[in-house]
Amino acid sequence: MKPLLVYAPYIDTFEASSTTKIDTKDICINEYCVSQAGTTQPVSLKQALAASYNTSAVRLFEQTGISESFSYLESFSFSNVTSADQTPASSLGGFRQGVSPLELTNAYTAFSNQGAYIPARAISSVQDEDGRILYEWKDKTKQVWSEQTNQEMRILLKEVMVTGTGTEARINAESYGGKTGTTNEEKDLWFAGYNERYTTAVWIGKDQPASLSAIEGEKPALVWWKQVME
């Protein structure tokens, strides 16, 4: 959720760029505290997302504002995201019910559409034998963030796969980008991303949540995503 809820809203609100610096020091918002091992120095937004620094994400989220950040999600079809989710933890994916792989895939299509969103439909229209349209969706494209913001986000998301947490998913394509995701205790493993033709999200988990730490090191979500996209 970091690209959708944190980075794109921040870049769009403050007209920031991939080279804008953000702190990585430990941070507390009220009683919610996050620490970051490995660095305490400011890094670029590109570096922060590539390494998935949690402290940077929480800090960006706070600067944009929780309500402002969540306003960007209103265009997407997240059926289980409610006002109760508007807490600092949501910047790291801490939602009460979360989102489905299909919902996340739909949302990520905005990165390949200049920041605009339109729901995916399995059937685009129904026609009779003479080609007359009997039914078609009336969905309207929604501009979620600016085209300039989208260009910056594509730089960030590509860096994730070039030098960051998503290198195992890197593909031979004209354009690509994506983001990894892991919940506490490795109960859920995610990767969502796109190339010039497709957008795909992979989720690995159990019906009854349990740790996947035994396989997490093999990066299965990234490996399977790459196999699908190639």
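## How α1 meets α3

At what angle do helix α1 (residues 2-14) and helix α3 (residues 54-64) pack, and how far apart are their axes? In this predicted model, the angle is about 50° and the axes lie 9 Å apart. Angles under 35 degrees count as roughly parallel and those from 65 to 115 as roughly perpendicular, so α1 and α3 are oblique to each other. Their crossing is left-handed.

Let's look at who meets whom. From α1 come K2, L5, V6, Y7, P9, Y10, T13 and F14, and they meet N54, S56, A57, L60, F61, Q63 and T64 of α3. Sorted by class, this contact has nine nonpolar residues, five polar and one charged.

## S90, a buried loop residue

Next stop: S90, which sits in the loop between α4 (66-71) and α5 (101-108). Its relative accessibility is 0%, so S90 counts as buried. A polar atom of the S90 side chain lies 2.6 Å from the backbone oxygen of T87.

Beyond its neighbours within four places in sequence, S90 is in contact with L5, F61, F70, D85 and F95. Two of these tie back to the helix pair above: L5 belongs to the α1 side of that contact and F61 to the α3 side.

## A192 in strand β10

Finally, A192 is part of strand β10 (residues 188-195). With a relative accessible area of 2%, A192 is buried, because buried means under 20%.

Setting aside residues up to four places away in sequence, A192 touches L104, Y108, G177, G178, K179, T200, A201 and W225. A192 and A221 are 29 residues apart in sequence, with a C-alpha to C-alpha distance of 9.0 Å.

Note on methods: Residues are numbered from 1 along each chain as its sequence is written. This is a predicted model: local features need pLDDT of at least 70, side-chain atom pairs count only at pLDDT 80 or more; totals for chains, interfaces and linings use all residues. Side-chain values use heavy atoms; hydrogens and water are left out. Axes are lines fitted to C-alpha atoms, for helices over the stretch in contact, and angles run from 0 to 180 degrees between N-to-C directions. Helices (H or I, at least four residues) and strands (E, at least two) are DSSP runs, numbered from the N terminus. Angles under 35 degrees count as roughly parallel, over 145 as roughly antiparallel, 65 to 115 as roughly perpendicular and the rest as oblique. A crossing is left-handed if the near helix is turned anticlockwise from the far one by less than a right angle, and right-handed if clockwise. Contact means heavy atoms within 4.5 Å. Ala, Val, Leu, Ile, Met, Phe, Trp, Tyr, Cys and Pro count as nonpolar, Asp, Glu, Lys and Arg as charged, and the others, Gly among them, as polar. Buried means under 20% relative accessible area, exposed over 50%, partly exposed in between (1.4 Å probe, protein chains only). A polar contact is a pair of N or O atoms within 3.5 Å; within protein, one must be able to donate a hydrogen and the other to accept it, and residues adjacent in sequence count only if both atoms are side-chain atoms.
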